[in-house]
Amino acid sequence: METRLWHPFANMAEVKDKPFLVDRAEGVWIYDTDGTRYLDGTAGLWYCNAGHGRAEIVDATAAQMRRLDSYFTFGDFSNEPAERLATRLSELAPMEQARIFFTTGGGESVDTAAKLARLYWARRGEPQRVHIVSRRHSYHGTNGFGTSLAGIEVNRDGFGPLLSDATRVAHDDAEDLRAAIERIGAENIAAFFAEPVIGAGGARPPEPGYLEAAAKICAEHGILFVADSVICGFGRVGGWFGVERWGLRPDLITFAKGVTSGYLPLGGVAAAGHVADVFWEAPGSLVAHGPTYSGHPTVAAAALANLDILEREDLPGRAVELERPLLEALLPLREHPAVADVRGGVGLIAAVELDGELLAEHKGIAARMQLAIRERGLIVRVLGGSTLVVSPPLIITEDEIGVLGKTMAEGIDAVLAG
Ligand SMILES: Cc1ncc(COP(=O)(O)O)c(C=O)c1O
């Protein structure tokens, strides 16, 4: 029967008759409704850092629901789990006196950061600073600002006029950022948004020195540096906020996904003290922004339990230990005639980009490979119709990484063999 569920990022004409029903999950494995198991090579959508089926998170969630299911935090309302989580995140954030604004996901966090950046300048008497710069290949979610900032062209197409004060620069060349700033005028720019490792735009680790140089250029021009760590945070590339390994100290950091390992939807923005103080030290100045479920106590309880696990098992450290083995499991594919590039080595994110001629000659071949790989027991994703990407739970073992590499190669070969 045709589904009534409208899937995101889907061509419903193609999937409406055959949804792939996931029934349960445990550790690094998911199971379909026939009981067939698959290695969750993508940790869901880059979020399940702690792995599936953690009773500790489930119990914390249930206990909180029994006590206080939900209550809002607008105005002076608050609750203990939200307070505890904000304090804990503030202590972990690589910023002085960080304050934490909660949302319900990454896209909302990006929009929150963009609005806070603009408001920050307005409150500081520079209301013309509205322009936002982002990078080509970047993904910042599908809300209003995030859609406008998208460096993946297709994600902006067809929606009519978007934010006009948005500019994209080369993803790997800090001089291009400098040139754009000179063109636009630093006095008109509110912020620069950058994913530490570009995720959905093709799993692209930064060129050595790029992020540091970009942050320095922003600082020189007084432009707020916003790290979009929605994917990179909570261990995925090591560290808590996805920027520590480069020694970055952003003005704002967006996060989501791994903060709860996806057990419940949570996102947020960490704002450095010097940004937050503009609002926090100004009585009578309302910030008219915030989603209903900001500071949701049950979601916060899930996040706290998840952080306990990430900390206790040092999963951020584990991601760094395993980044090389993950890349090495895929590197043999670099010699494969169907493959243009293999990327990875910075955190548990890796990608296999298919050869351009092959893609041009065989429309939809990447999707067929994804399916063939799934039929062999491994979940991978296709990005941009050209790239197979993996980002497994941080609890994956080296043996399982071996299985991942082997299964990926087998699926690719099966499609090529016709
Ligand atoms: C870097 C980045 N920013 C923002 C988002 C949007 O997050 P959400 O899908 O939770 O709105 C994503 C989602 O993948 C992301 O990767």
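A backbone N or O atom of Gly-106 sits 2.8 Å from an oxygen atom of the ligand. That is a polar contact, meaning a pair of N or O atoms within 3.5 Å; within protein, one atom must be able to donate a hydrogen and the other to accept it, and residues adjacent in sequence count only if both atoms are side-chain atoms. At Gly-107, a backbone N or O atom is 2.6 Å from an oxygen atom of the ligand. The ligand taken alone exposes 390 Å², and the protein buries 81% of that. Those areas come from the Shrake-Rupley method with a 1.4 Å probe, and for residues only the protein chains shown count as cover.

Before I go on, a word on the source. This is a predicted model, in which local features need pLDDT of at least 70 and side-chain atom pairs count only at pLDDT 80 or more, while totals for chains, interfaces and linings use all residues. Residues are numbered from 1 along each chain as its sequence is written, and side-chain values use heavy atoms, with hydrogens and water left out.

Back to the ligand. Which residues are around it? They are Gly-105, Gly-106, Gly-107, Tyr-139, His-140, Gly-141, Glu-195, Asp-228, Val-230, Ile-231 and Lys-257. To be listed, a residue needs one of its heavy atoms within 4 Å of the molecule. By class, this shell has three nonpolar, five polar and three charged residues. For that count, Ala, Val, Leu, Ile, Met, Phe, Trp, Tyr, Cys and Pro are nonpolar, Asp, Glu, Lys and Arg are charged, and the others, Gly among them, are polar.

Next, salt bridges. The rule asks for a side-chain nitrogen of Lys or Arg within 4 Å of a carboxyl oxygen of Asp or Glu. How many salt bridges does that give? The count comes to 19.

One of them pairs Arg-88 with Glu-311, with the closest N and O atoms 3.4 Å apart. Arg-88 is in helix α4 and Glu-311 in helix α10, residues 297-312, so the pair ties together parts that are 223 residues apart in sequence. Helices here are DSSP runs of H or I with at least four residues, strands are runs of E with at least two, and both are numbered from the N terminus. Is Arg-88 buried or exposed? Arg-88 counts as buried because its relative accessibility is 18%. Buried means under 20% relative accessible area, exposed means over 50%, and partly exposed is in between, with a 1.4 Å probe and protein chains only. Glu-311, at 39%, is partly exposed.

Arg-324 and Glu-328 meet at 3.2 Å, N to O. Both lie in helix α11, residues 315-330, four residues apart, or about one turn of the helix. Arg-324 is partly exposed at 45% relative accessibility, and Glu-328 is partly exposed at 45%.

In helix α14, residues 398-416, Glu-410 and Lys-406 are also placed four residues apart, about one turn. Their side chains form a salt bridge at 3.3 Å, N to O. Glu-410 is partly exposed at 36%, whereas Lys-406, at 55%, is exposed. Elsewhere, salt bridges that share partners join Glu-175, Arg-178, Lys-216 and Glu-220 into one network.

Now the surface. Tyr-71, Phe-72, Phe-74 and Phe-77 form a nonpolar patch there, with about 380 Å² of accessible area together. Patches are made of residues with over 30% relative accessible area and no salt bridge; like charges are joined within 9 Å, and nonpolar side chains (Val, Leu, Ile, Met, Phe, Trp, Tyr) within 5 Å. Phe-77 belongs to the loop between α3 (55-67) and α4 (80-92), and its relative accessibility of 40% makes it partly exposed.

Helix α3 also holds Ala-62, which is partly exposed at 28%. Ala-62 and Ala-301 are 239 residues apart in sequence, but their C-alpha atoms are 9.2 Å apart in space.

Last, two backbone angles. Gln-97 has phi near 50°, a positive value in a residue other than glycine. Gln-97 is in the loop between α4 and β4 (99-103) and is exposed at 58%. For Phe-234, phi is near 55°, again positive in a residue other than glycine. Phe-234 is in the loop between β8 (224-228) and β9 (252-255), and at 0% relative accessibility it is buried.
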